[in-house]
2 protein chains.
Amino acid sequence: MSNDSLGSPVRRVGRPRADKRVPEGDVSEHILAASAELFIRQGYTATTTRQIAAAVGLRQGSLSHYFPRKKDIFAELLDRTVEPALTMIDGLDPGLPPEVRLWLLLSTDCFNLASGEQNLASLMLLPEARSDEFDQFWARRDQLKDRYRDIIVAGLRHGSLSCSDVLLAVDATFGIVESIITWFERGGPVTSRGAVHHVARAALAALLTSPSEVDRVIAQAEALVAA
Amino acid sequence: MSNDSLGSPVRRVGRPRADKRVPEGDVSEHILAASAELFIRQGYTATTTRQIAAAVGLRQGSLSHYFPRKKDIFAELLDRTVEPALTMIDGLDPGLPPEVRLWLLLSTDCFNLASGEQNLASLMLLPEARSDEFDQFWARRDQLKDRYRDIIVAGLRHGSLSCSDVLLAVDATFGIVESIITWFERGGPVTSRGAVHHVARAALAALLTSPSEVDRVIAQAEALVAA
């Protein structure tokens, strides 16, 4: 549900690593964390595989053992901004009330965007992310948007959700969720838990037929997760 | 309340203009519209005053008569993303209930971000916008954020608004409003009116002590505006 796997290695970005005792998975995570930091700071084009290799203490030749091309690293980082929410919703009982499923999707998605040491989702705002090379990411993101649409449509039929225009509701909801990318500051005074709750709750309240139900729906959904 | 003054000149961007019969104000608007289009398409640094002059059919020397430096154009465009909301809220009766003032601020701000031919507010996402040269814009934007904070604090005292943390409430509300910059597509299938209503309503509902009141508060505020 999170990028927590990125947590501890990231703190050591820049330290020489990758001696023989380090498991391969850890090296991959180091490479991803160091690359994310470089991509966010200086952009995709300006970041070279030489810089990435240097940041994790690998020779350039060894780097390609883990990721053949720079774009493979970038694609993996982009994927991590959508996969946790997709995995959660695809594993969720479709028999649950739509408003409960909507809360779980909203909160998982917001949590993922606010988690991890790096603001990975900000990478999708880089101009290079629009390249055909990353079509698979945009297709997965569209699939995530489709999950929102399916739940909203189910909620309209069920009566618990309301909106004047499904396309608007999906775009605006997705946009409100992704607002976390632009305003939430890691290490700032606002906690990620607080940010996630406020934003996901706003998006849910806007779609409920009875907005007064918002905290009851959240409590119902959270009780299911805790069980 | 809007960038509508940018409306008609923008459509003629690229056409030679600025003959003697054109009022100066119109030429300024042409320059702003053509510059916005260039800045959004190719960035601030990559856009030259020569390109701007060519786009409006002026010699470079004449351009400086209207705007001495490129940064003056950029600063004016940035200002237009915050000034309408500041002007509205500073002219509003402070005796109105906080939740009513909050709706009017949210909807004016969202409307401004979704209005005009160009997505002017996206200019603040350009790396160059962070330069000290545009400190005045960021200070004005902070003032706008302060207006949100003042209203939210008044609403907490009044009892009509609730939140767990004022800083979080202000940042998240501002972030939800500005989400329009990243997802709303001019000329797309979603109307700006629909986008504004959905986003502003979500932000309001999240702060109301009784979210069930959301549509009553909106109706009360809209009736005041219509009167």
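Predicted model: local features only at pLDDT ≥ 70, side-chain atom pairs only at ≥ 80, totals over all residues.
Residues are numbered from 1 along each chain as written, and chains are lettered from A in the order written. Local features need pLDDT of at least 70 and side-chain atom pairs pLDDT 80 or more, while totals for chains, interfaces and linings use all residues; side-chain values use heavy atoms, without hydrogens or water.

**View 1. Chain A meets chain B.** 25 residues of chain A are in contact with 25 residues of chain B (contact: heavy atoms within 4.5 Å). About 2100 Å² is buried between the two chains, and carbon and sulfur atoms give 77% of this area (buried area: accessible area, 1.4 Å probe, lost on putting two parts together, summed over both). Leu168(A), Trp183(A) and His198(A) lose the most area in chain A, together 25% of what that side buries.

View 2. α9(A) gives the most, with 11 residues. This side has 16 nonpolar, seven polar and two charged residues (nonpolar: Ala, Val, Leu, Ile, Met, Phe, Trp, Tyr, Cys and Pro; charged: Asp, Glu, Lys and Arg; polar: the others, Gly among them).

View 3. Ile152(A) lies in helix α8 (residues 135-158) of chain A. Ile152(A) is buried, at 0% relative accessible area (buried: under 20%, 1.4 Å probe, protein chains only). Beyond neighbours within four places in sequence, its contacts include Leu161(A), Cys163(A) and Leu207(A). Pro98(A) is 54 residues away in sequence, yet 7.2 Å away C-alpha to C-alpha.

How values were computed:
Helix = DSSP H or I, 4+ residues; strand = E, 2+ residues; numbered from the N terminus. Buried < 20%, exposed > 50% of the residue type's maximum accessible area, 1.4 Å probe, protein only.
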